[in-house]
Amino acid sequence: DGKLASDVFECESTRRMVEIVLQKGGKPEFESRKMQGLDLSSLTFDGISFCNASLVFASFSRSKMNKCNLNKADLRNTNFKGTIANGAVLTNCNCTDADFSGADFSGVNLKGSVLQGAHFTGSILRRALVDPASFKTVDKNLAKVDLSAAIAPSFSLEGADLTGAIIEASSFPGATFSRCNLASASLQRADLTG
């Protein structure tokens with residue numbers, strides 16, 4: 001219908017505007033912007049702020065977002081598949097049903113974020129800071145996830161599939177890993193004391 005066509009046109013023109021802003025250089029800020037449903041895949045956003053932005057159903061697939069600040073962003077159903085976002089700040093975000101599969105979020109800060117139904121299969125979360133309460137509700141298929149040197153006190157992954165996961169040198173004091181599948185998982189120097 002006409003409204004849908006207008007919405008699609010608005011999204012496409014907004015992507016083009018984002019591309020133009022990025023090409024001009026500098027550090028554009030997208031704080032508090034409404035960018036729902038935008039396809040922003042394969043773009044470079046290194047160091048840019050998306051604080052308080054609404055990015056529901058947006059796609060950052062295969063984008064570069066190193067050291068981006070997404071504090072308090074609405075990231076429900078956002079696609080981060082294959083994204084590289086080392087050192088990104090995703091504190092106090094709503095990441096319900098977001099897809100981080102195959103993404104590299106090394107050094108990410110996820111404290112205070114809602115991660116209900118979020119997908120992390122094959123993602124890299126080295127040195128991540130995670131709130132234990134948030135991670136309880138993620139999709140339990142965490143096969144091949146890399147949690148090396150992650151810090152998550154009182155972490156609970158009860159019943160998770162951690163097949164082939166890398167959990168080396170991580171610190172999970174007070175963690176709960178009951179009924180987890182740890183087949184082929186690498187646990188060298190990991191502190192999983194409960």
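Is Cys93 buried or exposed? With a relative accessibility of 2%, Cys93 is buried. Keep in mind as you read on that this is a predicted model.

## The chain overall

The chain has 194 residues, and buried ones make up 45% of them. Its secondary structure consists of two helices, with zero strands. Helix H1 covers 2-23 and helix H2 covers 132-135.

Contacts between residues 24 or more positions apart are 4% of those with a separation of 6 or more. The accessible surface is about 9000 Å², and carbon and sulfur atoms contribute 51% of that area.

Cys68 gives a second case. Its sulfur has its closest cysteine partner in Cys51, and because that distance is 10.0 Å, a bond is ruled out here as well. Cys68 is also buried, at 0% relative accessibility.

## The nonpolar core

In soluble globular proteins, nonpolar side chains tend to be buried together. In this model, the largest nonpolar core holds 53 residues. Which of them touch the most other members? They are Phe45, Phe50, Leu70, Leu90, Phe105 and Leu162.

Leaving out neighbours within four places in sequence, Phe45 is in contact with Val18, Leu22, Phe30, Leu40, Phe50, Phe60, Ser63, Lys64, Met65 and Cys68. That list includes Phe50, itself named among the core residues that touch the most other members, and Cys68, the buried cysteine discussed above.

## Two buried loop residues

Ser41 sits in the loop between helix H1 and helix H2. Ser41 counts as buried because its relative accessibility is 10%, under the 20% cut-off. Setting aside residues up to four places away in sequence, Ser41 touches Arg15, Ser59, Phe60, Ser61, Arg62 and Ser63.

Which side chain makes a polar contact with the side chain of Thr91? That partner is Asn71, at 2.7 Å. Beyond its neighbours within four places in sequence, Thr91 is in contact with Leu70, Asn71, Lys72, Asn109, Lys111 and Ser113. Leu70 links back to the core, where it is one of the residues touching the most other members.

Note on methods: Residues numbered from 1 in each chain as written. Predicted model: local features only at pLDDT ≥ 70, side-chain atom pairs only at ≥ 80, totals over all residues. Heavy atoms only, no water. Disulfide = S-S within 2.5 Å. Buried < 20%, exposed > 50% of the residue type's maximum accessible area, 1.4 Å probe, protein only. Core = buried A, V, L, I, M, F, W, Y, C linked by side-chain atoms within 4.5 Å. Contact = heavy atoms within 4.5 Å. Helix = DSSP H or I, 4+ residues; strand = E, 2+ residues; numbered from the N terminus. Areas by Shrake-Rupley, 256 points an atom, 1.4 Å probe, with all protein chains shown as cover. Polar contact = N/O pair within 3.5 Å; in protein donor to acceptor, adjacent residues only side chain to side chain.
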